[in-house]
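Thanks for making time this morning.

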Amino acid sequence: MSPYQYASVPGDGEKITGDTGRPVVPDRPIVPFIEGDGIGPDIWAATRHVVDAAVAKSFDGARGIAWMEVYAGEKANEVAGEWLPGETLAALTEFKVAIKGPLTTPVGGGIRSLNVTLRQVLDLYSCIRPVSWIPGVPSPVKEPHKVDMVVFRENTEDVYAGIEWASGTPEADRVRDFLMGDMGASIREASGIGIKPISPFGTKRHVAAAIRYALARGRDSVTLMHKGNIMKFTEGSFRDWGYEVAAERFPDSTVPEARLWEGEEADGRVVIKDRIADSMFQQVLLRPAEYSVVATPNLNGDYLSDACAAQVGGLGMAPGANVGDSVALFEATHGTAPKYAGLNRVNPGSLILSAAMMLEHLGWDEAARAIDRGLEGAVAAGRVTYDLERQMEGATRVSTLAFAETIVEHM
């Protein structure tokens with residue numbers, strides 16, 4: 001008997017085994033998907049079409065994906081009477097690799113954020129956001145082709161821990177009294193109070209994942225972005241622990257940038273750098289080619305990844321994944337845009353590029369590159385969705401599904 005009440009396990013697929021560092025992938029892996037809310041069904045239909053076509057073209061039918069729908073968000077509430085059924089978490093854990101559209105957050109209590117909940121419950125501690133420009137995509141900067149970065153944002157600590165007390169509450173007053181009395185702090189009356197924990201455990205596993213990514217993909221540096229000049233024992237420690245894990249776990253394949261300043265050569269090793277957060281925002285605009293992988297605490301990465309995405313065309317063309325030791329969940333990086341739901345109008349690029357990331361994770365690079373070629377060809381042909389068409393001279397506006405078909409034609 002199936003352990004799933006609402007989902008159906010495909011009978012023609014097999015499980016992915018191993019861990020996220022070394023997944024063992026059968027020729028027809030079972031991959032759960034969450035359609036998503038709002039525009040989710042529109043962009044998922046387009047993405048599935050593109051992925052299936054890319055896999056079929058790349059492997060002549062020898063490989064394929066056995067898709068398994070699981071539920072979260074509004075559809076889950078309709079089907080199961082709850083926003084995030086336990087069986088969905090069980091399926092993501094069992095099958096290890098999954099993809100999802102954007103999810104709404106229930107209003108008025110309950111789950112604070114379904115996206116945050118998935119990351120925390122499944123311990124998806126690194127949010128990975130590659131940012132690079134597809135030629136022809138409208139950009140607000142002069143040289144978007146110089147942007148080729150991957151932002152690693154820590155997912156479980158810092159502000160995502162959500163430890164705070166509201167102004168005027170007895171709890172906030174108790175915390176204030178303790179900090180002022182026992183700890184010697186100075187805090188204004190009626191302050192709201194929040195705590196941002198950053199640990200050596202959380203930092204080191206996250207930075208180690210960023211370094212492994214750089215080594216596996218031939219990237220030349222990992223930059224630790226922090227505000228350690230002000231917050232010395234949280235963000236400053238993030239910097240210090242990042243250098244420590246590089247020295248402890250990757251001594252022969254990494255080198256601190258400071259040693260290059262002293263005259264040492266990198267000799268193919270990944271250079272470990274660090275930059276103050278406010279300076280980093282200037283750097284990615286003025287000198288983006290100097291940065292490859294950027295590892296950050298949670299809030300810094302939230303800001304930086306969106307700012308970098310803006311340089312290459314916005315969130316509509318920005319992929320993402322949330323990855324832990326045993327589960328990798330790929331997702332669109334934008335919201336649900338409910339006013340466009342069901343109109344077959346919006347840009348599916350973010351989810352399609354996230355699916356290409358997923359194919360890379362499976363080791364199916366040929367199919368991932370087919371998607372890249374298809375997207376570049378579709379943009380070059382000027383057959384794009386409204387958000388791109390209105391900024392491109394001579395372009396033709398097409399629907400979500402027509403854009404997907406154009407991508408397939410150009411693979």
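When I call a residue buried, I mean that its relative accessible area is under 20%, while exposed means over 50% and partly exposed lies in between, with a 1.4 Å probe and protein chains only. Helices (H or I, at least four residues) and strands (E, at least two) are DSSP runs, numbered from the N terminus. Please keep in mind that this is a predicted model, in which local features need pLDDT of at least 70 and side-chain atom pairs count only at pLDDT 80 or more, whereas totals for chains, interfaces and linings use all residues. Residues are numbered from 1 along each chain as its sequence is written, and side-chain values use heavy atoms, leaving out hydrogens and water.

Let me begin with helix H9, residues 277–286, where Ala277, Met280, Gln283 and Val284 are buried. These residues sit on the same side of H9 because they cover an arc of only 95° around the axis, the arc being that of the directions from the helix axis to the C-beta atoms. On the other side of H9, Leu285 and Leu286 are exposed. Taking contact as heavy atoms within 4.5 Å, the buried residues of H9 pack against strands E7, E10, E12 and E13 and against helix H10.

What about strand E5, residues 97–100: are its faces covered or open? Both are covered, with Val97 and Ile99 buried on one side and Ala98 and Lys100 buried on the other. Two strands count as paired if DSSP finds at least two bridges between them; E5 runs parallel to strand E3, joined by 2 bridges, and pairs in the parallel sense with strand E15 over 4 bridges. Ile99 stands opposite Phe33 and also opposite Phe330 in E15.

Finally, the largest pocket. On a 1 Å grid over the protein atoms alone, a pocket is an open set of points with protein on both sides within 12 Å along at least five of seven lines, and lining residues have an atom within 4 Å of a point. The largest pocket is lined by 24 residues, of which Thr20, Gly21, Tyr213, Arg217 and His361 lie nearest its centre. Helix H6, residues 200–216, gives the most to that lining, with 5 residues, and strand E6, strand E14 and helix H11 each supply at least two.

Technical notes: 1 Å grid on protein atoms, 1.4 Å probe; cavity = no way out; pocket = protein on both sides within 12 Å on 5 of 7 lines; lining within 4 Å.
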